[in-house]
Every structure is written in C-alpha cells, then in structure tokens.
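Visitor: I am new to this structure and would like to learn how to read it. Please take me through it one feature at a time.

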Amino acid sequence: MLLLGIESTAHTFGIGIVNEKGEVLTNVKDSFTSPDAGMIPDKVAEHHETVAEPVLQKALQEINLSLKDVNYIAYSAGPGIDPCLWKGYHFAKKWAKEAKKPLVGVNHCCAHLSIGKVWNKLKDPIYLYVSGVNTQIIFEEAGKYHVIGETLDIGLGNMLDKFARLLQLGFPGGPKIEELAKKGKYIELPYIVKGMDVSFSGILTKIQQLYQKKISKEDLCHSVQETCFAMLAEAVERAMAHTGKKELLLVGGVGANKRFCEMLGLMCQERKAKFYNVPLDLAGDQGAMIAWEGYLRKKQYGDIGVKPHWRADEV
Ligand code: ATP
Ligand code: FE2
C-alpha cells in the first residue's frame, strides 16, 4: 500500500510517499525562506501555490510513479496558518479528484510524533515536540495523546525566530542561532519552569533588552540556547519520572539542534533512559510524516476540511 502526504501548514510545502511499513520512498519539499522578514501568511501561501505542482512532479519522478499508483492522499488539515492550510487542502482535493483516490485529513502535530516513533521503532516513548508553534511534552495512553507539559506562551521555535529577526539573521532563525551560539559564552537569563510547563516570553523580552545594551549576538545566542534547552530538559525529566517511561523521543524542527540533542542525551543517560531523535530530513515539516499519519488514520478520518486550531490531544 502506498500513501502520498501533503504538508502545507506553515513555511513548507512538501510531498512524501510512504508504504505500509512506514518506509519513506520519496520526500520532496520546498520551504519559504526570507533574508530579512518573518513569515507573512499570504506570501507563504503564494509560495505554496507556485511550488505545489513542481514538488509533486519531482516526488513522483524520483520513484517513477504516477498519482494513480498511490492508494490514499493524506493532507495536513491543521493546526496551522489559515491561508497555507487552504492551499494544501485545495491541491489535495484537486489531485484526489484527478486520480480518484480517497482523502485522509490528518493532524500535523500527531504526524511529527508518529514519524519519529516508526523511524526509531519505539513502543511507548515520552515525546518532546519542539517546533515553531508548539512546545509540548506528550505521552500516549489508550490510543490517545495526552499533553502533560507545554509552553505557557510561545513555542520555542517561534521565540528563536523572533529573536533572529531582531538580529537580522533572516528566517528560519534556529540554524543561524545554533551557529553563532558555538562562539558565545554564558550570561544568566530568566529560567522559568512551572512543574512540567515552561515559559519563553520573559526570556525573549530580556534578550531583546540585552541586545539593545550591545551584548554580543554570540553570547545572546549561546545563553538563549543553554537556558531554554535546560528548562525543557528539566521539565521532560520530571515527566519521565512521573510516568516511569524509559524512552524519550525529540521531534519537531528545533530537534535539529545538536546542542539540544546533546543535553537531552546526557539527561537520559544519567537516569538510565534512552534518547531518540529523528534524522534531519524528518525533523522539520515534510510530506512523509503526513503520509504515515494518513496510513494510521485512514479508517478514522477522510475529507475533514481544514482545522487551524486542532490539537494533538483532540485526535
Ligand atoms: P508546528 O509543527 O508547531 O506547526 P512548524 O511546522 O513551523 O511548527 P517545524 O518545521 O517543525 O515547525 O520547525 C520549525 C522551527 O524549527 C523554526 O522555528 C526553526 O527556527 C526551528 N529550527 C530549525 N532548525 C533549528 C536548529 N538547528 N536549532 C534550533 N531551531 C531550529
Ligand atoms: Fe511542524
């Protein structure tokens, strides 16, 4: 069985195809980037409109298939940016009609979790999902996801992107912050963990002020990483102690950060647990994760329109 997945919730338009074992056969994407600004919803939707057909063609050509060869077309129904979601949904409907294939609308957050789980062949991990909008600690019970910790304000990725914009590093900011951080030294920042929840907005305000005071970009990048990653390591360690789980899986775009993985790996080692992440090409947004989530949900969901505020724990 083959499933084609379409991702379009935010910056990335992607098409992936997976089989019933969760093996990724092709995964092509084109992401909106900007040298100076952030994500402007209409600009991003325009980007998706332009790249949709070429991305589809490239994905199919890579494995020498046509749309007719896939059994289902899955799309990211939400959560996400309204105009971007509608763009993806429009192409999903169009292609499904052309090829006469059933649609499966899936949850983007669950897709991040399930691709990480199948790739690592895990049974029952604690998930740390850290992306643009989301920062959540999640576990599964009786076929449902439960969020036991999360950011009380903004997602870590968005916070890093906002900070990068101030430093004029362009979008996305995470990878550039990671580079600069290597050359910086630590300065103290607010550290806000409440049980298993965290908060980043106070840190953003503080680093904005320090930047005005001419503290170097490198020191700020280094300190923001050390502080935020340590906060999450503390919160997720508490969640592991609380649930007794021995596997930690990091997913989402911020999971591409090597220092973050290093800190979580050390934490797990100290408590005799195992740390897992996903390869770079499956960490951020892409179509393969949507295809695999589509495989898991094909009996549950069909054409469900778009759901801009759909949480993982509502699936
Ligand atoms: P969500 O999944 O919550 O809807 P999203 O789809 O925008 O959000 P992803 O593609 O999973 O998120 O992640 C994008 C985020 O990852 C951006 O904020 C980006 O700055 C961040 N990011 C990417 N690479 C790195 C890195 N090396 N270090 C830190 N952050 C990174
Ligand atoms: Fe995402």
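Visitor: Where is Q168 found?

Guide: Helices (H or I, at least four residues) and strands (E, at least two) are DSSP runs, numbered from the N terminus. Q168 is in the loop between α4 and α5. This is a predicted model, in which local features need pLDDT of at least 70, side-chain atom pairs count only at pLDDT 80 or more, and totals for chains, interfaces and linings use all residues. Residues are numbered from 1 along each chain as its sequence is written, chains are lettered from A and ligands numbered from 1 in the order in which they are written, and side-chain values use heavy atoms, with hydrogens and water left out.

Visitor: What phi does Q168 have?

Guide: Most residues other than glycine have a negative phi, and most peptide bonds are trans. Q168 is not a glycine, yet its phi is positive, about 60°. K100, also not a glycine, has a positive phi of about 55°. K100 lies in the loop between α2 and β5 (103-107).

Visitor: Is K100 buried or exposed?

Guide: Buried means under 20% relative accessible area, exposed over 50%, and partly exposed in between (1.4 Å probe, protein chains only). K100 has 72% relative accessibility, so K100 counts as exposed. Q168 is exposed too, with 69% relative accessibility.

Visitor: Which peptide bonds are cis?

Guide: A cis bond joins G78 and P79, with omega about -5°. P79 sits in the loop between β4 (72-78) and α2 (82-99). Another cis bond runs from F171 to P172, and its omega is near 0°. P172 is in the loop between α4 (156-166) and α5.

Visitor: How many helices and strands does the protein chain have?

Guide: The protein chain has 10 helices and 12 strands. Its radius of gyration is 19 Å, close to the 20 Å that the globule rule gives for 315 residues, so the chain is as compact as a globular protein of that length. The radius is taken over C-alpha atoms, and the rule is 2.2 Å times the number of residues to the power 0.38. Along its principal axes, the C-alpha trace spans about 60 × 45 × 30 Å.

Visitor: What share of the residues is buried?

Guide: Of the 315 residues in the protein chain, 54% are buried. The chain exposes about 13,700 Å², and carbon and sulfur atoms supply 53% of that area. Such areas come from the Shrake-Rupley method with a 1.4 Å probe; for residues, only the protein chains shown count as cover.

Visitor: What share of the contacts joins residues at least 24 apart?

Guide: Contact means heavy atoms within 4.5 Å. Among contacts between residues at least 6 apart in sequence, 74% join residues at least 24 apart.

Visitor: What coordinates the iron ion (ligand 2)?

Guide: Donors are N, O and S atoms within 2.8 Å of the metal (3.2 Å for Na, K and Ca); water is not among the atoms, so sites may look incomplete. Here H108 (NE2), H112 (NE2) and D285 (OD) coordinate the iron ion at 2.0 to 2.2 Å. Along the chain these donors follow the spacing H-x3-H-x172-D. H108 and H112 both belong to helix α3 (residues 108-120), where they are four residues apart, about one turn of the helix. Both H108 and H112 are buried.

Visitor: Which residues does G14 touch, leaving out those up to four places away in sequence?

Guide: They are G5, I6, E7, V28, K29, V55 and G287. G14 is part of strand β2 (residues 12-19), and at 0% relative accessibility G14 counts as buried.

Visitor: Where does A181 lie, and is A181 buried or exposed?

Guide: A181 lies in helix α5 (residues 174-181) and is buried, with a relative accessible area of 4%. Not counting residues up to four places away in sequence, A181 touches E218, C221, H222 and Q225. A181 and K217 are 36 residues apart in sequence, with 8.3 Å from C-alpha to C-alpha.

Visitor: How far apart in space are H47 and L249?

Guide: H47 and L249 are 32 Å apart, C-alpha to C-alpha, and 202 residues apart in sequence. H47 lies in helix α1 (residues 41-62) and is buried, with a relative accessible area of 14%. Leaving aside neighbours within four places in sequence, H47 is in contact with H11, D30, S31 and F32.
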